[in-house]
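This note is for a colleague who is opening the model for a first look. Please keep the sequence and the structure side by side while going through the numbered points.

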Amino acid sequence: MHDKRARSKKLDLQLEGGADVQSRRRMEWSESGAFLIEDVLEIRGAGAMTFVMCDRWLFELFELEAGEYSFMRGTQRVRPKTRRFGTFYPPFAILKVCFRDVRGRWTGMAAKAALPEQFMAAPILFETDCAEAPQSIEQVEEILAASYNRQSIELNPKPSLLTLKAKRLLDENYLIHPSIARISARLGVTHAHLTRQFKSDFGLTPSAYCHQVRIADAMFRLAKGEEIIDISQEVGYNDLSRFYKQFRKAKTQTPGYCRAGKQQ
(Lines give C-alpha, C1' and ligand atoms only; values in the text may rest on other atoms or scores of the structure.)
Protein backbone atom coordinates (compact mmCIF):
# COMPACT_ATOMS: atom_id res chain seq x y z
CA MET A 1 0.00 0.00 0.00
CA HIS A 2 1.28 3.43 -0.90
CA ASP A 3 1.85 5.78 2.03
CA LYS A 4 -0.95 8.27 1.42
CA ARG A 5 -1.68 9.09 5.05
CA ALA A 6 -3.47 12.17 6.25
CA ARG A 7 -2.46 13.54 9.61
CA SER A 8 -5.07 13.47 12.33
CA LYS A 9 -7.71 16.13 11.85
CA LYS A 10 -9.94 17.28 14.67
CA LEU A 11 -13.60 17.46 13.68
CA ASP A 12 -16.31 19.02 15.83
CA LEU A 13 -19.89 18.04 14.98
CA GLN A 14 -23.38 18.59 16.40
CA LEU A 15 -25.64 15.54 16.46
CA GLU A 16 -29.42 15.31 16.55
CA GLY A 17 -30.33 16.00 20.16
CA GLY A 18 -27.46 18.45 20.72
CA ALA A 19 -24.59 16.11 21.61
CA ASP A 20 -21.13 17.42 20.79
CA VAL A 21 -18.67 15.21 18.91
CA GLN A 22 -14.92 15.55 18.88
CA SER A 23 -13.20 13.21 16.46
CA ARG A 24 -9.54 12.93 15.51
CA ARG A 25 -9.49 10.91 12.32
CA ARG A 26 -6.68 9.67 10.12
CA MET A 27 -6.98 7.96 6.75
CA GLU A 28 -4.55 5.99 4.65
CA TRP A 29 -5.49 4.92 1.14
CA SER A 30 -4.20 2.84 -1.72
CA GLU A 31 -4.64 3.29 -5.43
CA SER A 32 -6.87 0.20 -5.37
CA GLY A 33 -9.45 2.42 -3.66
CA ALA A 34 -9.26 0.91 -0.16
CA PHE A 35 -9.10 3.23 2.84
CA LEU A 36 -7.68 2.42 6.26
CA ILE A 37 -9.25 4.58 8.95
CA GLU A 38 -8.29 5.32 12.55
CA ASP A 39 -10.36 7.50 14.84
CA VAL A 40 -10.27 8.63 18.47
CA LEU A 41 -13.83 9.58 19.35
CA GLU A 42 -15.36 11.55 22.20
CA ILE A 43 -19.05 12.47 22.41
CA ARG A 44 -20.41 14.61 25.24
CA GLY A 45 -24.10 14.28 25.92
CA ALA A 46 -26.71 12.21 24.10
CA GLY A 47 -27.60 12.36 20.44
CA ALA A 48 -28.17 10.50 17.20
CA MET A 49 -27.02 10.61 13.60
CA THR A 50 -28.52 9.25 10.40
CA PHE A 51 -25.63 7.68 8.52
CA VAL A 52 -25.65 7.04 4.75
CA MET A 53 -23.03 5.15 2.74
CA CYS A 54 -22.06 5.82 -0.87
CA ASP A 55 -20.91 3.14 -3.32
CA ARG A 56 -18.29 1.80 -0.88
CA TRP A 57 -18.75 -0.59 2.02
CA LEU A 58 -17.41 0.24 5.49
CA PHE A 59 -15.97 -2.19 8.03
CA GLU A 60 -15.32 -0.99 11.61
CA LEU A 61 -13.85 -2.34 14.84
CA PHE A 62 -14.73 -0.49 18.04
CA GLU A 63 -13.23 -0.45 21.51
CA LEU A 64 -15.28 1.71 23.87
CA GLU A 65 -13.80 3.04 27.08
CA ALA A 66 -17.06 4.59 28.25
CA GLY A 67 -20.58 5.45 27.20
CA GLU A 68 -23.38 3.89 25.17
CA TYR A 69 -23.40 3.21 21.43
CA SER A 70 -26.44 1.71 19.70
CA PHE A 71 -28.45 1.51 16.49
CA MET A 72 -32.13 1.96 15.69
CA ARG A 73 -33.74 -0.92 13.80
CA GLY A 74 -37.34 0.04 13.20
CA THR A 75 -38.66 1.00 16.63
CA GLN A 76 -36.15 -1.15 18.51
CA ARG A 77 -32.67 -0.23 19.69
CA VAL A 78 -29.86 -2.70 19.00
CA ARG A 79 -26.92 -2.52 21.40
CA PRO A 80 -23.52 -4.23 21.36
CA LYS A 81 -23.17 -6.76 24.15
CA THR A 82 -19.51 -6.02 24.81
CA ARG A 83 -17.15 -3.03 24.78
CA ARG A 84 -15.33 -4.51 21.80
CA PHE A 85 -17.48 -5.03 18.71
CA GLY A 86 -17.59 -4.52 14.98
CA THR A 87 -19.94 -3.21 12.32
CA PHE A 88 -20.23 -3.69 8.59
CA TYR A 89 -22.19 -1.37 6.31
CA PRO A 90 -22.75 -2.44 2.67
CA PRO A 91 -22.87 0.18 -0.10
CA PHE A 92 -25.81 2.61 0.10
CA ALA A 93 -26.78 1.49 3.60
CA ILE A 94 -28.92 3.81 5.76
CA LEU A 95 -28.52 3.63 9.53
CA LYS A 96 -29.35 5.60 12.62
CA VAL A 97 -26.62 5.57 15.26
CA CYS A 98 -27.31 6.68 18.84
CA PHE A 99 -24.70 7.88 21.33
CA ARG A 100 -24.43 8.84 24.97
CA ASP A 101 -21.19 10.13 26.53
CA VAL A 102 -19.00 7.96 24.31
CA ARG A 103 -15.23 7.74 24.57
CA GLY A 104 -13.12 5.25 22.67
CA ARG A 105 -11.35 4.41 19.45
CA TRP A 106 -12.24 2.66 16.24
CA THR A 107 -10.40 1.41 13.21
CA GLY A 108 -11.75 0.29 9.91
CA MET A 109 -11.59 -0.04 6.17
CA ALA A 110 -13.73 1.19 3.29
CA ALA A 111 -13.56 -0.09 -0.29
CA LYS A 112 -15.52 -0.96 -3.41
CA ALA A 113 -14.14 -4.48 -3.82
CA ALA A 114 -16.68 -7.31 -3.87
CA LEU A 115 -17.20 -9.32 -0.68
CA PRO A 116 -19.24 -12.50 -0.08
CA GLU A 117 -22.94 -11.85 -0.78
CA GLN A 118 -23.97 -12.82 2.74
CA PHE A 119 -22.35 -9.63 4.04
CA MET A 120 -23.58 -7.31 1.30
CA ALA A 121 -27.31 -7.67 1.98
CA ALA A 122 -27.72 -5.53 5.11
CA PRO A 123 -25.65 -3.70 7.75
CA ILE A 124 -24.71 -5.78 10.77
CA LEU A 125 -23.39 -5.42 14.30
CA PHE A 126 -21.16 -8.31 15.39
CA GLU A 127 -18.77 -9.57 18.04
CA THR A 128 -15.21 -10.52 17.22
CA ASP A 129 -12.06 -11.73 18.94
CA CYS A 130 -9.95 -9.64 16.61
CA ALA A 131 -8.34 -6.56 18.17
CA GLU A 132 -6.08 -5.50 15.30
CA ALA A 133 -7.18 -3.35 12.39
CA PRO A 134 -7.27 -5.20 9.05
CA GLN A 135 -4.56 -4.28 6.58
CA SER A 136 -6.16 -5.86 3.51
CA ILE A 137 -9.56 -6.71 2.06
CA GLU A 138 -8.74 -10.39 2.56
CA GLN A 139 -8.35 -9.78 6.29
CA VAL A 140 -11.74 -8.05 6.37
CA GLU A 141 -13.28 -11.16 4.84
CA GLU A 142 -11.55 -13.38 7.42
CA ILE A 143 -12.73 -11.27 10.37
CA LEU A 144 -16.30 -11.16 9.07
CA ALA A 145 -16.33 -14.91 8.46
CA ALA A 146 -15.14 -15.56 12.03
CA SER A 147 -17.51 -13.02 13.63
CA TYR A 148 -20.40 -14.17 15.83
CA ASN A 149 -23.61 -12.92 17.49
CA ARG A 150 -24.42 -10.93 14.36
CA GLN A 151 -27.39 -8.58 14.56
CA SER A 152 -29.06 -6.67 11.74
CA ILE A 153 -28.92 -2.89 12.17
CA GLU A 154 -30.70 -1.73 9.02
CA LEU A 155 -32.81 1.32 9.81
CA ASN A 156 -35.98 -0.15 8.33
CA PRO A 157 -36.04 -3.93 7.87
CA LYS A 158 -39.31 -3.76 5.88
CA PRO A 159 -39.45 -0.64 3.69
CA SER A 160 -42.19 -0.39 1.09
CA LEU A 161 -41.62 -1.77 -2.40
CA LEU A 162 -42.06 1.72 -3.81
CA THR A 163 -39.27 3.10 -1.62
CA LEU A 164 -36.97 0.21 -2.51
CA LYS A 165 -37.49 0.80 -6.23
CA ALA A 166 -36.88 4.54 -5.86
CA LYS A 167 -33.79 3.98 -3.72
CA ARG A 168 -32.32 1.59 -6.30
CA LEU A 169 -32.78 4.19 -9.03
CA LEU A 170 -31.19 6.87 -6.86
CA ASP A 171 -28.26 4.60 -5.99
CA GLU A 172 -27.63 3.83 -9.64
CA ASN A 173 -27.84 7.46 -10.78
CA TYR A 174 -26.75 9.70 -7.89
CA LEU A 175 -23.77 11.05 -9.86
CA ILE A 176 -25.92 12.42 -12.68
CA HIS A 177 -28.44 14.52 -10.76
CA PRO A 178 -31.46 12.20 -10.91
CA SER A 179 -34.80 13.96 -11.10
CA ILE A 180 -37.20 12.92 -8.33
CA ALA A 181 -40.08 13.99 -10.56
CA ARG A 182 -38.92 11.67 -13.36
CA ILE A 183 -38.35 8.81 -10.92
CA SER A 184 -41.86 9.35 -9.54
CA ALA A 185 -43.35 9.31 -13.03
CA ARG A 186 -41.40 6.18 -13.94
CA LEU A 187 -42.78 4.44 -10.84
CA GLY A 188 -46.33 5.64 -11.57
CA VAL A 189 -46.82 7.88 -8.53
CA THR A 190 -46.75 11.60 -7.81
CA HIS A 191 -43.66 13.39 -6.56
CA ALA A 192 -45.46 14.19 -3.29
CA HIS A 193 -46.52 10.57 -2.72
CA LEU A 194 -43.02 9.20 -3.34
CA THR A 195 -41.49 11.80 -1.03
CA ARG A 196 -43.93 10.99 1.78
CA GLN A 197 -43.42 7.25 1.47
CA PHE A 198 -39.62 7.45 1.26
CA LYS A 199 -39.45 9.72 4.30
CA SER A 200 -41.85 7.48 6.21
CA ASP A 201 -39.57 4.50 5.54
CA PHE A 202 -36.15 6.10 6.06
CA GLY A 203 -36.65 9.45 7.77
CA LEU A 204 -35.19 11.24 4.73
CA THR A 205 -36.75 12.62 1.57
CA PRO A 206 -35.42 11.12 -1.69
CA SER A 207 -33.65 14.40 -2.40
CA ALA A 208 -32.02 14.51 1.06
CA TYR A 209 -30.92 10.89 0.70
CA CYS A 210 -29.31 11.62 -2.67
CA HIS A 211 -27.42 14.59 -1.22
CA GLN A 212 -26.13 12.48 1.67
CA VAL A 213 -24.88 9.77 -0.68
CA ARG A 214 -23.02 12.40 -2.71
CA ILE A 215 -21.46 13.95 0.40
CA ALA A 216 -20.36 10.52 1.62
CA ASP A 217 -18.66 9.99 -1.75
CA ALA A 218 -17.09 13.45 -1.53
CA MET A 219 -15.58 12.70 1.90
CA PHE A 220 -13.53 9.82 0.47
CA ARG A 221 -12.40 11.94 -2.46
CA LEU A 222 -11.35 14.71 -0.07
CA ALA A 223 -9.30 12.18 1.89
CA LYS A 224 -7.42 11.39 -1.31
CA GLY A 225 -6.59 15.06 -1.74
CA GLU A 226 -8.61 15.66 -4.90
CA GLU A 227 -9.42 19.24 -5.85
CA ILE A 228 -12.68 20.51 -4.40
CA ILE A 229 -14.01 21.87 -7.69
CA ASP A 230 -13.35 18.49 -9.35
CA ILE A 231 -15.04 16.63 -6.50
CA SER A 232 -18.08 18.87 -6.75
CA GLN A 233 -18.56 17.99 -10.42
CA GLU A 234 -17.73 14.30 -10.03
CA VAL A 235 -20.35 13.74 -7.34
CA GLY A 236 -23.08 15.48 -9.32
CA TYR A 237 -22.90 19.19 -8.40
CA ASN A 238 -22.34 21.54 -11.31
CA ASP A 239 -22.87 24.46 -8.93
CA LEU A 240 -19.93 24.73 -6.50
CA SER A 241 -21.88 26.93 -4.07
CA ARG A 242 -24.60 24.27 -3.85
CA PHE A 243 -21.95 21.64 -3.11
CA TYR A 244 -20.60 23.79 -0.25
CA LYS A 245 -24.10 24.34 1.10
CA GLN A 246 -24.98 20.63 1.10
CA PHE A 247 -21.60 19.66 2.52
CA ARG A 248 -21.87 22.08 5.45
CA LYS A 249 -25.45 20.96 6.07
CA ALA A 250 -24.34 17.32 6.33
CA LYS A 251 -20.95 17.70 8.02
CA THR A 252 -21.06 21.16 9.67
CA GLN A 253 -17.55 21.72 8.25
CA THR A 254 -16.47 23.07 4.88
CA PRO A 255 -14.89 20.80 2.24
CA GLY A 256 -11.73 22.89 2.52
CA TYR A 257 -11.47 22.25 6.27
CA CYS A 258 -11.81 18.50 5.78
CA ARG A 259 -9.36 18.45 2.88
CA ALA A 260 -6.82 20.46 4.93
CA GLY A 261 -6.38 17.45 7.18
CA LYS A 262 -5.01 15.58 4.20
CA GLN A 263 -2.44 18.25 3.45
CA GLN A 264 -1.11 19.08 6.92
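Which residue lies over the face of Y237?

1. The residue over the face of Y237 is R214, at 4.8 Å from the ring centre; a charge counts as sitting over a ring if NZ of Lys or CZ of Arg is within 6 Å of the ring centre and within 35 degrees of the ring normal.

2. On the basis of the values: this is a predicted model, in which local features need pLDDT of at least 70 and side-chain atom pairs count only at pLDDT 80 or more, while totals for chains, interfaces and linings use all residues. Residues are numbered from 1 along each chain as its sequence is written, and side-chain values use heavy atoms, with hydrogens and water left out.

3. The structure holds 16 aromatic pairs, where rings of Phe, Tyr and Trp (its six-membered ring) pair if their centres lie within 6.5 Å, and planes under 30 degrees apart count as stacked, over 60 as edge-to-face and the rest as tilted. F92 and Y174 form an edge-to-face pair, with 5.9 Å from centre to centre and 70° between the planes. F92 lies in the loop between β7 (84-89) and β8 (94-111), and Y174 in the loop between α2 (161-173) and α3, so the pair ties together parts that are 82 residues apart in sequence. Helices here (H or I, at least four residues) and strands (E, at least two) are DSSP runs, numbered from the N terminus.

4. Both partners can be checked for burial, where buried means under 20% relative accessible area, exposed over 50%, and partly exposed in between (1.4 Å probe, protein chains only). F92 is buried at a relative accessible area of 15%, and Y174 is buried at 4%. Elsewhere, ring pairs join F62, Y69, F71, F85, F99 and W106 into a cluster.

5. The largest nonpolar core has 49 residues, of which F35, Y69, F71, Y89 and Y209 touch the most other members; such a core is a set of buried Ala, Val, Leu, Ile, Met, Phe, Trp, Tyr and Cys residues joined through side-chain atoms within 4.5 Å. The element that gives the most to this core is β8, with eight residues. Another core, of 16 residues, lies apart from it and has L36, F126, I137 and V140 among its members.

6. Where does α2 meet another helix, and which residues make the contact? The axes of α2 and helix α5 (residues 206-223) come within 10 Å and cross at roughly 35°, the axes being lines fitted to C-alpha atoms, for helices over the stretch in contact, with angles running from 0 to 180 degrees between N-to-C directions. K167, L170 and D171 of α2 make the contact with P206, Y209 and C210 of α5, contact meaning heavy atoms within 4.5 Å.

7. S184 belongs to helix α3 (residues 180-186) and counts as buried at 1% relative accessibility. Leaving out residues up to four places away in sequence, S184 touches V189, T190, H191 and L194. The C-alpha atoms of S184 and L162 are separated by 9.5 Å, with the two residues 22 apart along the chain.

8. Two backbone values deserve a look. D101, in strand β8, has a positive phi near 45° in a residue other than glycine, and D101 is partly exposed at 45% relative accessibility. N149, in strand β10 (residues 148-152), has a positive phi of about 50° although it is not a glycine, and N149 is partly exposed at 43%.
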